[in-house]
Amino acid sequence: MIPENEYFNTIHWTVTVGTNPGFSLEEQKLMDYGSFVEMFQRLCEEEHTESGIWITAVITQTRLAYMHKQGCPYGGEYAYMLTGSCNTEFASVDDYIPALKRVITRLGERLGQVTYTLEIIPAHLDYYYSQRKQQ
């Protein structure tokens, strides 16, 4: 059976956030991947309870590379990159963006981050789903 699909004009977003507070990170520690994902999930649950909006992300462990004299250790700063999109089948972009910003702000606060980036760009989303036969 071929899945059906719908398409939407929406947004795609990317967040890059370090996991060690502050700069001068020569003695940085890698935050456990599962712990980071759980923290994000719990923040999303709080947001969903407050606004009804659920934020979903793909989370990748990565490293930030910026100027060493600004505090970046050689070899990069431990970080996570989160990416996602607003599926307008479930939320409007106008409601989703403020909810996303609240979650990311809370994440930055929990991690003790002074800076992090959030990029939001227009996107085209194809949403595929399979219809199940009703018995």
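Trainee: Where is the place of Leu43?
Mentor: Leu43 sits in helix 1. Helices here are DSSP runs of H or I with at least four residues, strands are E runs of at least two, and both are numbered from the N terminus. Keep in mind that this is a predicted model: local features need pLDDT of at least 70, side-chain atom pairs count only at pLDDT 80 or more, and totals for chains, interfaces and linings use all residues. Residues are numbered from 1 along each chain as its sequence is written, and side-chain values use heavy atoms, leaving out hydrogens and water.
Trainee: Is Leu43 buried or exposed?
Mentor: Leu43 counts as buried because its relative accessibility is 1%. Buried means under 20% relative accessible area, exposed over 50%, partly exposed in between (1.4 Å probe, protein chains only).
Trainee: What is Leu43 in contact with?
Mentor: Leaving aside neighbours within four places in sequence, Leu43 is in contact with Val103, Arg106, Leu107 and Arg110. Contact means heavy atoms within 4.5 Å.
Trainee: New topic. How many aromatic pairs are there?
Mentor: A search of the whole structure finds 4. One of them is Tyr33 with Tyr80, tilted, 5.8 Å centre to centre and 35° between the planes. Rings of Phe, Tyr and Trp (its six-membered ring) pair if their centres lie within 6.5 Å; planes under 30 degrees apart count as stacked, over 60 as edge-to-face, the rest as tilted.
Trainee: Which parts of the chain does that pair link?
Mentor: Tyr33 is in helix 1 (residues 33–51) and Tyr80 in strand 3 (residues 77–85), 47 residues apart.
Trainee: Why does Tyr80 count as buried?
Mentor: Because Tyr80 has 1% relative accessibility.
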